[in-house]
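Hello,

Here is the structure I promised to pass on to you. Please have a look at it first, and then read my notes below.

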Amino acid sequence: LITIFEKKILMETNTESKLSLTNVFKANAVMNFLSGAMMLLMGEMMFEEVGMTATEDLVSMGIWTGATMMIIGIMTWKMPDWAGENLSDVGKFMAAFMCAWLAIAIYEVVSGKFTVAQNAIPLVGNALFAGLLYWKSQD
């Protein structure tokens, strides 16, 4: 699956920067899709990894959340095609969207719910993509 994504990104025209806004959207899409797939297929393990008791209800909620994240990933992948010339506006909106997720991840660490190590992927991933989406939307 990742190989298909990588081939698509590498087949972009030579005149386009490898770190184009389109490629940032596609990389973010891969992160969202894979996060969703892990929640969908390995929810119990993911919850237990961060110290949560994986009850039947929590795992069921994780399945729905995982499916939603996969859909967000697919939509993010398609966004450059859908947005067309308005992609920079959508990129700024997505940067704000990623900042909202980043705020939640920071709150979880500050409140003591999770440690930085337990929340490292959401902290780093959301900060990275919020910054890249905003930065590349300025071009």
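Which residues form a nonpolar patch on the surface? Met 38, Leu 40, Leu 41, Met 42, Met 45, Ile 63 and Trp 64 do, and together they have about 720 Å² of accessible area. Patches here are made of residues with over 30% relative accessible area and no salt bridge, with like charges joined within 9 Å and nonpolar side chains (Val, Leu, Ile, Met, Phe, Trp, Tyr) joined within 5 Å. Accessible areas come from the Shrake-Rupley method with a 1.4 Å probe, and for residues only the protein chains shown count as cover.

Before going on, please note that this is a predicted model: local features need pLDDT of at least 70, side-chain atom pairs count only at pLDDT 80 or more, and totals for chains, interfaces and linings use all residues. Residues are numbered from 1 along each chain as its sequence is written, and side-chain values use heavy atoms, with hydrogens and water left out.

Back to the patch: helix 2 gives the largest share, 5 residues, and Leu 40 is found in that helix. Helix 2 and helix 3 each supply at least two of the patch residues. (Helices are DSSP runs of H or I with at least four residues, strands are runs of E with at least two, and both are numbered from the N terminus.)

These two helices also pack together. Helix 2 (residues 21-49) and helix 3 (residues 56-83) have axes 7 Å apart, at an angle of about 165 degrees. They are therefore roughly antiparallel to each other. By class, their contact has 19 nonpolar, 9 polar and 2 charged residues.

For the angles, axes are lines fitted to C-alpha atoms, for helices over the stretch in contact, and angles run from 0 to 180 degrees between N-to-C directions. Under 35 degrees counts as roughly parallel, over 145 as roughly antiparallel, 65 to 115 as roughly perpendicular and the rest as oblique.

Helix 3 packs with helix 4 at about 155 degrees, with the axes 10 Å apart, which makes helix 3 roughly antiparallel to helix 4.

Finally, the count comes to 1 salt bridge (a side-chain nitrogen of Lys or Arg within 4 Å of a carboxyl oxygen of Asp or Glu). The side chains of Asp 81 and Lys 78 meet in a salt bridge at 3.3 Å, N to O. Both residues lie in helix 3, 3 residues apart, about one turn of the helix.

Best wishes

Note on methods
Ala, Val, Leu, Ile, Met, Phe, Trp, Tyr, Cys and Pro count as nonpolar, Asp, Glu, Lys and Arg as charged, and the others, Gly among them, as polar.
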